[in-house]
Amino acid sequence: MQISDRIAGILGGGSDGWEVFNKARAMIADGVNVTELTIGEHDIRTAAPILQDMHRAALAGNTGYAAIPGMAALREEVAARVQAQSGVPTGPENVMITPGGQSALYAAHFAVCDPGDPALFIDPYYATYPGTLRGVNAVPVAVAAHADAAFQPRAADIAAQAEGAKSLLINTPNNPTGVVYSRATLEGIADVCKAHDLWLVSDEVYDTQVWEGAHLSPRALPGMAERTLVVGSMSKSHAMTGSRCGWVVGPEEIIEGLINLATHTTYGVAGFVQEAALFALRQGPAFEAEIADPFRRRRLIAQDVLQGQNAVGLVPAQGAMYLMLDVRSTGMTGEGFAYGLLESEHIAVMPGESFGQAAAGHVRVAMTIEDGAFEAALRRLVAFAESHVA
Ligand code: PMP
């Protein structure tokens, strides 16, 4: 039997970029003590009060089919949160609750791209992006952001690829670089979107993890609310990765389309999960700051460790749970460095190349282990790099 080209082609014929990660996991299975700085997941679990609320909701009977666009109270809470954060008038009719940010990314592109439409995204990128775009039968087109511009994308580079494109996908705070797009970068992006009539899909799942300045949603820029779909999630802000609860915020007619899509795909998100998400959002900003705090601390630890040496460069970054390290002084590719570090130091990091060619010669470090172990691993990473500087 033949499977569809569409599903066979999700990876685009290339690798999925997870080889080093898979090798690290195989080493762990063989009993090797590997320090993992690979995946973007907190080293804490979902807080007990959130789980207790989920349990309460389930026992109270919220175990049947839930409203497909999401519970009214949760849609209202997300709308209020987005409005408070961005200043853009937002109501529940602008919110679709989805099973996590990943499915929100898929749904958002399904809503704005037809088969064969070019869909722009910024390289370096979160590893699933090209596959998500291919999944809706769009044609992924990478626009490079450059290391020498601290990975802030340039409007002119986006404009150069925008002819005929339908959408642009951006992510700030950024995975994998940790870079937070400046107001000037976002204004440039907004101008290109308006000039070329592009939808902007704005992945803001790290919006609570900003270490300098404040998160700016491009939906708040003039003329952008009508063409921006914001992707949000409980995963990173509330350490609820496994609960699978996120959202798309956008114009009402898009949300209506997304309800039809969900009716024929996911059929919504479990009601007890939505109640727990509502409970979690109502804990307010202090709780979110508590969840983000380990990454804030570890970024400072990393800045300290990386001071006063030249083997490893730290990409100036202001957010998210990652650091991007420039290892080009070693003469190695990011992949070569990551394999070498895994083999000789038993430390697993992600090669920059897993996130696109613009991050070649870099490695991504997830700040997702306990402070002392994190600092020790970084010191060994620097020593490994120093021993290879040409
Ligand atoms: N966007 C980005 C940039 C991410 O890093 C992730 C998860 N690593 C997601 C979206 C999806 O997260 P989730 O589906 O858990 O909300």
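Helices here are DSSP runs of H or I with at least four residues, strands are DSSP runs of E with at least two, and both are numbered from the N terminus. I start with that, since my notes place residues by these elements. One more reminder to myself: the model I am reading is predicted.

**Entry 1: the whole chain**

I began by looking at the chain from a distance. It holds 14 helices and 13 strands. Along the principal axes, the C-alpha atoms fill a box of roughly 60 × 55 × 50 Å.

**Entry 2: around the ligand**

Next I turned to the ligand. How many residues surround the ligand? I found 15, and the closest are G101, D203, Y206, S233 and S235. Sorted by class, this shell has five nonpolar, seven polar and three charged residues.

Which element gives the largest share of the shell? That is α5, with four residues. Helices α5 (100–112) and α9 (234–237) each supply at least two residues of the shell.

Then I listed some polar atoms that face the ligand:

- In N175, a polar side-chain atom is 2.8 Å from an oxygen atom of the ligand.
- For Y126, a polar side-chain atom lies 3.4 Å from a ligand nitrogen.
- K236 has a side-chain N or O atom that sits 2.9 Å from a nitrogen atom of the ligand.

How much of the ligand does the protein cover? On its own the ligand has 400 Å² of accessible area, and the protein covers 93% of that.

I followed the chain on from α9 to H238, which is in the loop between α9 and β8 (246–249). Is H238 buried or exposed? H238 has a relative accessible area of 0%, so I noted this residue as buried. I found two side-chain partners for H238. One is S237, joined by a polar contact of 2.8 Å between the side chains. The other is E288, where the side-chain contact with H238 is 3.3 Å.

T228 belongs to strand β7 (residues 228–233). I counted T228 as buried because its relative accessibility is 0%. Where does the T228 side chain reach? It meets the backbone oxygen of M224 at 2.6 Å.

V179 is in the loop between β5 (167–171) and α8 (183–195). V179 also goes down as buried, because its relative accessibility is 0%.

**Entry 3: the cysteines**

How many disulfides are there? I counted zero.

I finished with the backbone. As a rule, most residues other than glycine have a negative phi, and most peptide bonds are trans, so I went looking for exceptions.

Which peptide bonds did I note as cis? The bond from D123 to P124 is cis, with omega near 5 degrees; P124 is in the loop between β3 (118–123) and α6 (129–135). T172 and P173 are also joined by a cis peptide bond, with omega about -10 degrees. P173 is in the loop between β5 and α8.

F151 is not a glycine, but its phi is positive at about 60 degrees. F151 is in the loop between β4 (139–144) and α7 (155–161), and at a relative accessible area of 2% it is buried. H346, also not a glycine, has a positive phi of about 55 degrees. H346 sits in the loop between α13 (334–345) and β11 (347–348). With a relative accessible area of 30%, H346 is partly exposed.

Note on methods: Residues numbered from 1 in each chain as written. Predicted model: local features only at pLDDT ≥ 70, side-chain atom pairs only at ≥ 80, totals over all residues. Heavy atoms only, no water. Near = heavy atom within 4 Å. Polar contact = N/O pair within 3.5 Å; in protein donor to acceptor, adjacent residues only side chain to side chain. Areas by Shrake-Rupley, 256 points an atom, 1.4 Å probe, with all protein chains shown as cover. Nonpolar A, V, L, I, M, F, W, Y, C, P; charged D, E, K, R; others polar. Disulfide = S-S within 2.5 Å. Buried < 20%, exposed > 50% of the residue type's maximum accessible area, 1.4 Å probe, protein only.
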